[in-house]
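Dear colleague,

Please find below the structure that I am handing over to you. My findings follow after it.

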Amino acid sequence: MKNGLLVAGCMLLLSACGGDGSGSGDGKKPVSRLAFVTNGVADFWTIGQAGALKAGQELGVDVQVLMPAGGISEQKDILEDLITKGVDGVAVSPIDPVNQTAILNEVAGRAKLITHDSDAPDSKRLYYIGTDNYKAGRMCGQLVKEVLPEGGALMIFIGRMEQENSKRRRQGLIDELLDRSDDPTRYDAPGKVIKGSKYTVLGTLTDQFDRAKAKANAEDALSRYPDLKCMVGLFAYNPPLILQALAQGGKLGQVKVVAFDEDDETLQGIIDGNVYGTVVQNPYQYGYKSIEVLNQVLEGDLSDLPESGFIDIPARLIRKDNVEVFWEDLKKKLATPKRQEEVKPTEGAGEPIGKG
Amino acid sequence: MKGINKILGIGGLLLFVWLATWVFSDLLTEHQWSFLTAYNQENLLKRIALFGIIGIGVAFVIITGGIDLSIGSVICLVGVGFPWLLMEKDWPLALALPTVLLVAAGIGLIHGLLITKLKLQPFVVTLCGLLIYRGVSRGFTGDQTQGFQNSFQGLKVLATGKIPLTASFGLPMPVVFLLVVALASAFFLNQTVYGRHLKALGNNEEAARFSGIHTDRMIISAYVICSSLAGLGGLLFVLDVNSAQPVDFGNFYELYAIAAAVLGGCSLRGGEGTILGVIIGTAVMRVLNNSINLIDWISKNIELAVIGSVILAGVIVDELAKRMIAKRRSKMDKE
């Protein structure tokens, strides 16, 4: 019986291995091993992964991308296991920075640690690579002002509010619409109607990453507020679901849509004229820059890294005039393959630095 | 005898998975050893203990022929409720701790009463529980993450502390909880009338009732034990992680617990199961989980597929072995 178990297990492991038996390198000079850890599984992070892997390929370091599907406890397991593996550097987007200081510092004690996307200022992270979401939110507000110059009522749709970046993004949007001064620490409770001189924010609906809920939120807002002028989707998947709700309700074009992030359907919506515009962060740069900075830190070359520890990856506005160029570029970047050790050296694109 | 065969089988599977992980993550790479480090083995033991506690809980219910699908949501309720009471509501620890544990036990009591007195099916009752406690947790927290931040360092030792055994290796505190729970449960199941009654009722509830066993009382206590241990698990989980998000904390954990119990020899038809088996079953799943993070060529996104396949293979091999033994025995009987 034990033998049977052994055989079955062997077969399983072999099948899991699935023709990818490249294993590890030929044991020349040790290659730096870096990890890029996200805060969840999402298309946004697939783009980030492409950036991280591309950087790994160009710099000749081994890059592993890990996306926790099980929230904060799984992210903790992943970080512990990365310590176990003895990786040289970790770039992580902490899910709950305030409460994760202990595990982040544990990682920082054994490897070079930087944060990306969402910061953990209390931890011993060396650098933070990200977008100022408050500024990005204000940019989103500009889009609303452009599409609704006369003002009107709008509704905000967002995945969840507990993340620092989503709070700031939403606050930036509201502050811009109400022409308030810059103050990222301001906080308007999501339940209340926020009335400015021209614009009224009817509410903020969250969906906890549940796509069906997100769509139902959009549908319900349409039936509840017949005078709704604009819907703003602040997480990548919100705008496409808003579009679907509008299409099924026969209201495409009547209600304006302003988006965030670069989902394919959002970009197509801009081309078709159903979405006015979107604010894009640059997940590709999060990935690329994370690996580049970790590599610089490991090589002791800190000359062009900022004292403040904050490396800004600015957001950009995408409207009908620049959407096609942006999308082409994005597709090209997404075509970047695989981990460094599994890929042939790149031809052409930049000189191979290959320190390993 | 049957029990011992089971334990040997699942123990063999654990040994195999453990060795395979060691070979693939340490021996076949040029990096320094990682799987066998004290640090990793401590992490593994801690995770096995946390999941083992909830696995033992569900084993009680499964032995009665029932099921509890609400474990993950109870973990969430306790996991977010405990820091919420302490940090947001400023309750004293001496009040908050018994409150959350009593709530967990009360949930089990309600499940048991609905199942025995109203004759509702366990699947339905606990499925509704899964939805209700998750919804309640998200409701009273407003979906906000609940955590301890830098407070209650002493309390966190219960989940993150270690009892140093050698210079580099320490026994994680949750293992102590697991040992206490496991020993008490094993004693209960094997050495007391209660345990024999529980198994008897799992084999045939009607017969057990006619032979004078208070079947309702036994079933209710099984659900109380299950939810209480889920509550204890939730407490330790949140002390370990330091915070919990109402939306996904403990998500799917009931299925991990059930899988570990089944892998460890509990029959979903009731009447069968050993505590040691459940712990080994939990260990198999945690080592697999660890191996996927440590072995480079197993991609993280097929994790569930790997775990599912190994469990399925284990169960199939076990079933085939059982038949082979039965065949051989009947052959011997003929001769």
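Which residue of β4(A) does A:A91 stand opposite? In this predicted model, the residue facing A:A91 is A:I114. The two strands concerned are β3 (residues 89-92) and β4 (residues 112-116) of chain A, which pair in the parallel sense over four bridges.

Both belong to an open sheet of six strands in chain A, whose order is β2-β1-β3-β4-β5-β12 and whose pairing is parallel. The edges are taken by β2 (62-66) and β12 (310-312) of chain A; each has a single partner strand, so one side of each is left without a neighbour in the sheet. On average, and with direction ignored, neighbouring strands of this sheet are turned by 20° against each other.

Helix α10 (residues 283-298) of chain A packs on this sheet, where it touches β1 (33-37), β2, β3, β4, β5 (128-130) and β12 of chain A. The direction of the helix makes about 155° with that of β4(A).

I turn now to the contact between the chains. Chain B contributes 47 residues and chain A contributes 38 residues. On the side of chain B that touches chain A, the elements giving two or more residues are α1 (2-27), α2 (38-63), α10 (215-241), α12 (275-294) and α13 (303-334) of chain B. Of these, α13(B) supplies the largest share, eight residues. Sorted by class, this side of chain B holds 21 nonpolar, 21 polar and five charged residues.

With kind regards

Conventions
Residues are numbered from 1 along each chain as its sequence is written. Chains are lettered from A and ligands numbered from 1 in the order in which they are written. This is a predicted model: local features need pLDDT of at least 70, side-chain atom pairs count only at pLDDT 80 or more; totals for chains, interfaces and linings use all residues. Two residues are in contact if their C-beta atoms, placed from the backbone, lie within 7 Å. Ala, Val, Leu, Ile, Met, Phe, Trp, Tyr, Cys and Pro count as nonpolar, Asp, Glu, Lys and Arg as charged, and the others, Gly among them, as polar. Two strands pair if DSSP finds at least two bridges between them. Axes are lines fitted to C-alpha atoms, for helices over the stretch in contact, and angles run from 0 to 180 degrees between N-to-C directions.
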